[in-house]
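Work through these exercises with the model open beside you. Try each task before you read its solution.

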Amino acid sequence: MSDQARTVDRVRILGRLGEMSRIGALENGGVCRLALSPDETEAKARLIGWAQALGCVAYIDDIGNLFLRLGGADSAEAPVLVGSHLDTQPVGGNFDGVLGVIAALECLEIMARQDERAFMPVEIAVWCNEEGARFNPTTMGSAVHVGHFPLGEALAVTDASGQSVEASLRQSTASLRAAGIGLSHRDLGAGYKAYVELHIEQGPVLENEGVGIGVVTDVQGLVQYRIEVSGVAGHAGAVPMEGRKDALTRARALMAELDAELGAFGGLRFTVGRINVAPGSINTIPAKAEFTLDVRHPDPQVLSQVSRRIEALCAHAQLTRLIYQAPIPFDAGIVSTIEQVAEQYGVSSRRMVSGATHDAAHVAALCPTGMIFVPCRGGISHNENEYCEPDDVVQGAQILAETIMALAGRQAQ
Ligand code: HGY
Ligand code: MN
Ligand code: MN
């Protein structure tokens, strides 16, 4: 295949990212495409349209993960998988997830123009509810697909308005079908040859070091909690300070204790991302205060030690563990394939552990899996100012395409 035939199309990639950024666009330049929302569904429809123009067949599993298959439509041959997610944070950026999906599509654009016998089937995977912002936990769709999270429990999860995953999935799937999109069924835990995901780093390392590509060797472990503290509602003016049972005062004290304790663990990253207070009236002493705690570390021992400390400190609160995910190593063979491809293209690369979790952390349980990172400006992500230089977008897509062609090439067998 000529070099030209293997080269990703810069204008097409950047144009499609631009089109996606207009779906769920926010006024300050960010984007909001919450999982299974009409906006995310519209983005999926747009992607499926592009993929079907290549001859892809669309599949969906019972938790809403999408698979767009090129080649081997009539065969049950396990495909090489490439993809990411289209859902975003409530105030998200224009690259987290969608970059990996558009780059995956570009791989198929190149492969669709080759002799079909040259490659094994390849599928784009669009994982459902990677962010876990609307429906807890994060990476829900891929976790269910690989058997790390029960389907029934996931379908029953509700968002802040009380809408369930099941009802939202039904609506989203119905609108895709109403748009004339045929969706065949895909079993959970189906077999795949390999999976590779392109993603922005979401941290500052590659940019600070001036390195073009991050070759991800592991995803650090994470544990997330919801912590609820109770008190007694009362009149803000009439009840004396002493003797109050103010839930928010107790929660603040607990957060301070957690900060002090967890801060003692080197390399630990912990975040209180959400606080809810009830009844939430300006002149009522809070009866309930609920907050979330997200804790990450690359060492499973440390993560277990920290979990025990959190459980001890929260003995007088209501503690719910939302997700525990051990640190995950990626496939050494895929790591070296990505490094060889980067070298072949003269692109600098460095091995690294992912600070964020990704669907790939679950898919690694099903097949050899790896990830490619590209730098993002200032390491900013989960933020409207998230930005990835066009050259880095295109370079990342090229390394991904070459890696997928190496893994799917018939001569690779
Ligand atoms: O939580 C995470 O690490 C991912 O961005 N959803
Ligand atoms: Mn992501
Ligand atoms: Mn994210």
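**Exercise 1.** How far from a nitrogen atom of ligand 1 does a polar side-chain atom of Glu131 lie?

*Solution.* Start with the ground rules. This is a predicted model, where local features need pLDDT of at least 70, side-chain atom pairs count only at pLDDT 80 or more, and totals for chains, interfaces and linings use all residues. Residues are numbered from 1 along each chain as its sequence is written, chains are lettered from A and ligands numbered from 1 in the order in which they are written, and side-chain values use heavy atoms, with hydrogens and water left out.

Now find the pair. The polar side-chain atom of Glu131 lies 3.3 Å from a nitrogen atom of ligand 1. A polar contact is a pair of N or O atoms within 3.5 Å; within protein, one must be able to donate a hydrogen and the other to accept it, and residues adjacent in sequence count only if both atoms are side-chain atoms.

**Exercise 2.** Which protein atoms hold the manganese ion (ligand 2)?

*Solution.* Step 1: name the donors, which are N, O and S atoms within 2.8 Å of the metal (3.2 Å for Na, K and Ca); water is not among the atoms, so sites may look incomplete. They are His85 (NE2), Asp96 (OD) and His199 (NE2), at 2.1 to 2.3 Å from the ion.

Step 1: read the spacing. Along the chain it is H-x10-D-x102-H.

Step 2: His85 is in strand 3 (residues 80-85) and Asp96 is in the loop between strand 3 and helix 3 (98-111), so the pair ties together parts 11 residues apart in sequence. Helices (H or I, at least four residues) and strands (E, at least two) are DSSP runs, numbered from the N terminus.

Step 3: ask about burial. Buried means under 20% relative accessible area, exposed over 50%, and partly exposed in between (1.4 Å probe, protein chains only). His85 is buried because its value is 0%. Asp96, at 5%, is buried too.

**Exercise 3.** Which residue coordinates both manganese ions, ligand 2 and ligand 3?

*Solution.* Step 1: list the donors of ligand 3. Asp96 (OD), Glu131 (OE), Glu131 (OE) and His382 (NE2) lie 2.1 to 2.5 Å from this manganese ion.

Step 1: Asp96 coordinates both ions, which are 3.5 Å apart.

Step 2: read the sequence pattern. The donor residues of ligand 3 are spaced D-x34-E-x250-H. Glu131 lies in the loop between strand 4 (122-127) and helix 4 (140-146), and His382 in the loop between strand 17 (369-374) and helix 12 (390-408); this pair links distant parts of the chain, 251 residues apart.

Step 3: compare burial. Glu131 is buried at 8%, whereas His382 is partly exposed at 42%.
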